[in-house]
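Please read them with the coordinates open.

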Amino acid sequence: MGIPEVVLNSGQKMPFIGYGTAALPMPPPQTLVSVFFDAIEVGYRHFDTASMYGTEESLGQAVAQALQRGLIKSRDQLFITSKLWCTDAHHDLVLPALSRTLKKLGLEYVDLYLIHFPVRLKQGIVGEHSNEDVIPFDIKGTWEAMEECYRLGLAKSVGVSNFGCKKLSQLLHHATIPPAVNQVEMNVSWQQEKLRHFCREKGIQVSAWSPLGANGASWGTLDVMESPVLKDIAITKEKSVPQVLYNTTYSIFYIGGGGGGVSVVYWWWVWTAWLGFDFGDGGC
Ligand SMILES: NC(=O)c1ccc[n+]([C@@H]2O[C@H](COP(=O)([O-])OP(=O)(O)OC[C@H]3O[C@@H](n4cnc5c(N)ncnc54)[C@H](OP(=O)(O)O)[C@@H]3O)[C@@H](O)[C@H]2O)c1
């Protein structure tokens with residue numbers, strides 16, 4: 001069974017389901033390589049990394065091994081997303097940042113390059129930052145440089161992450177290439193209705209990070225995984241709560257094609273859940 005794809009406004013096809021590569025605490029690099037390799041082996045084709053995550057090198061090694069061992073025939077069978085960190089959200093630092101990302105991944109291009117947050121930090125800040133390190137975000141300059149990455153063929157699509165309607169409107173005012181994707185936190189208890197409506201109108205694909213509510217993370221919540229309603233549905237449907245959640249995230253947020261649907265990025269999702277994930281059914 002192939003993973004359904006969405007056609008982005010750039011014309012590129014993106015698999016709806018993505019494998020998130022952020023992890024805290026971070027496993028050793030060799031463990032990551034083997035986890036990502038296994039993910040490719042069981043059929044994942046869309047991977048979500050970021051310069052901030054520290055997983056680009058391991059993902060690149062897994063991709064190289066997968067090619068070498070014939071799991072995939074060519075690089076273009078994968079969809080790799082990476083993200084620009086806030087310290088590089090300066091007009092002249094975007095291209096060098098993407099070049100570093102590509103070097104770590106060992107790839108000639110990423111399929112999707114996102115501005116990680118609509119936030120700019122002073123150049124060179126590592127780790128903890130103070131309020132003085134945050135400087136006004138330069139939407140026009142940063143997006144111009146993102147467009148340059150696209151024109152150079154180093155990113156097949158460009159987009160944003162964690163942008164609300166106001167920031168997106170400002171960006172669209174300057175853009176000659178509209179963002180293909182807006183990756184935001186979204187789950188059944190935080191449905192981002194206004195933002196989804198806005199993005200649908202503008203042809204921007206919304207992508208959901210932490211569709212299970214990031215349980216276990218300091219910013220996460222158990223409201224989603226421990227929801228009595230979802231538990232009831234899971235029992236009735238003889239599925240697990242994550243299976244219900246992934247199906248729900250896809251189904252209830254999917255309204256037609258183009259920018260109407262929502263893609264999902266998550267971590268440690270078992271393949272058996274995929275086998276039980278019914279894309280053809282509008283409900284759970
Ligand atoms: N753009 C952004 O700013 C941004 C921010 C955050 C995340 N992301 C992306 O989104 C990805 C996913 O984030 P996330 O890890 O917070 O996602 P999540 O959907 O909230 O899932 C994470 C939690 O769900 C649990 N889980 C996952 N599958 C499960 C299953 N089948 N059964 C039971 N529990 C399950 C995991 O537990 P275990 O760990 O115990 O397996 C983990 O605690 C990240 O890796 C990253 O690529 C992007």
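1. Burial and surface. Of the 284 residues in the protein chain, 52% are buried. This is a predicted model. The accessible surface of the protein chain is about 13100 Å². Carbon and sulfur atoms account for 54% of that surface.

2. Secondary structure and contacts. The protein chain holds 9 helices and 12 strands. Take the contacts in the protein chain between residues at least 6 apart in sequence: 67% of them join residues at least 24 apart.

3. The main core. The largest nonpolar core counts 53 residues. Phe 47 and Tyr 113 have the most contacts inside this core. Which helix gives the most to this core? Helix H1, residues 29-42, does, with 7 residues. A further core of 10 residues lies apart from the largest one. Val 188, Leu 230, Ala 234 and Val 244 are among its members.

4. Phe 47. Leaving aside residues up to four places away in sequence, Phe 47 touches Tyr 19, Thr 21, Phe 36, Ala 39 and Ile 40, among others. The list for Phe 47 also includes Leu 59, Leu 78, Phe 79, Ile 80 and Thr 81.

5. Thr 81. This residue sits in strand S5, residues 79-84. Is Thr 81 buried or exposed? Its relative accessible area is 1%, under the 20% cut-off, so Thr 81 counts as buried. Beyond residues up to four places away in sequence, Thr 81 touches His 46, Phe 47, Asp 48, Thr 49, Leu 112 and Leu 114.

6. Polar atoms at the ligand. A polar side-chain atom of Ser 210 is 2.6 Å from an oxygen atom of the ligand. The side chain of Ser 161 places an N or O atom 2.9 Å from a nitrogen atom of the ligand. Leu 212 takes part through its backbone: an N or O atom there lies 2.9 Å from an oxygen atom of the ligand. On its own the ligand has 920 Å² of accessible area, and the protein covers 77% of this.

7. Glu 226. This residue lies in the loop between strand S11 (205-209) and helix H7 (228-237). Why is Glu 226 classed as partly exposed? Because its relative accessible area is 42%, which falls between the 20% and 50% cut-offs. The side chain of Glu 226 makes a polar contact with the side chain of Lys 231, at 2.8 Å. Glu 226 and Asn 215 are 11 residues apart along the chain, and their C-alpha atoms are separated by 9.6 Å.

8. Thr 142. Helix H4, residues 139-151, contains Thr 142. Thr 142 is buried, at 0% relative accessibility. Where does its side chain reach? The side chain of Thr 142 reaches the backbone oxygen of Asp 138, at 2.6 Å. Residues up to four places away in sequence aside, Thr 142 touches Leu 84, Ala 89, His 90, Val 94, Ile 115 and Phe 137.

9. Backbone geometry. The peptide bond from Leu 24 to Pro 25 is cis, with omega near -5°. Pro 25 belongs to the loop between strand S3 (17-20) and H1. Asn 162 is not a glycine, yet has a positive phi of about 60°. Its place is the loop between strand S9 (155-161) and helix H5 (165-174). Gln 192, also not a glycine, has a positive phi of about 50°. The loop between strand S10 (181-185) and helix H6 (193-202) holds Gln 192. With a relative accessible area of 17%, under the 20% cut-off, Gln 192 counts as buried.

Technical notes
Residues are numbered from 1 along each chain as its sequence is written. This is a predicted model: local features need pLDDT of at least 70, side-chain atom pairs count only at pLDDT 80 or more; totals for chains, interfaces and linings use all residues. Side-chain values use heavy atoms; hydrogens and water are left out. A polar contact is a pair of N or O atoms within 3.5 Å; within protein, one must be able to donate a hydrogen and the other to accept it, and residues adjacent in sequence count only if both atoms are side-chain atoms. Accessible areas come from the Shrake-Rupley method with a 1.4 Å probe; for residues, only the protein chains shown count as cover. A nonpolar core is a set of buried Ala, Val, Leu, Ile, Met, Phe, Trp, Tyr and Cys residues joined through side-chain atoms within 4.5 Å. Buried means under 20% relative accessible area, exposed over 50%, partly exposed in between (1.4 Å probe, protein chains only). Helices (H or I, at least four residues) and strands (E, at least two) are DSSP runs, numbered from the N terminus. Contact means heavy atoms within 4.5 Å.
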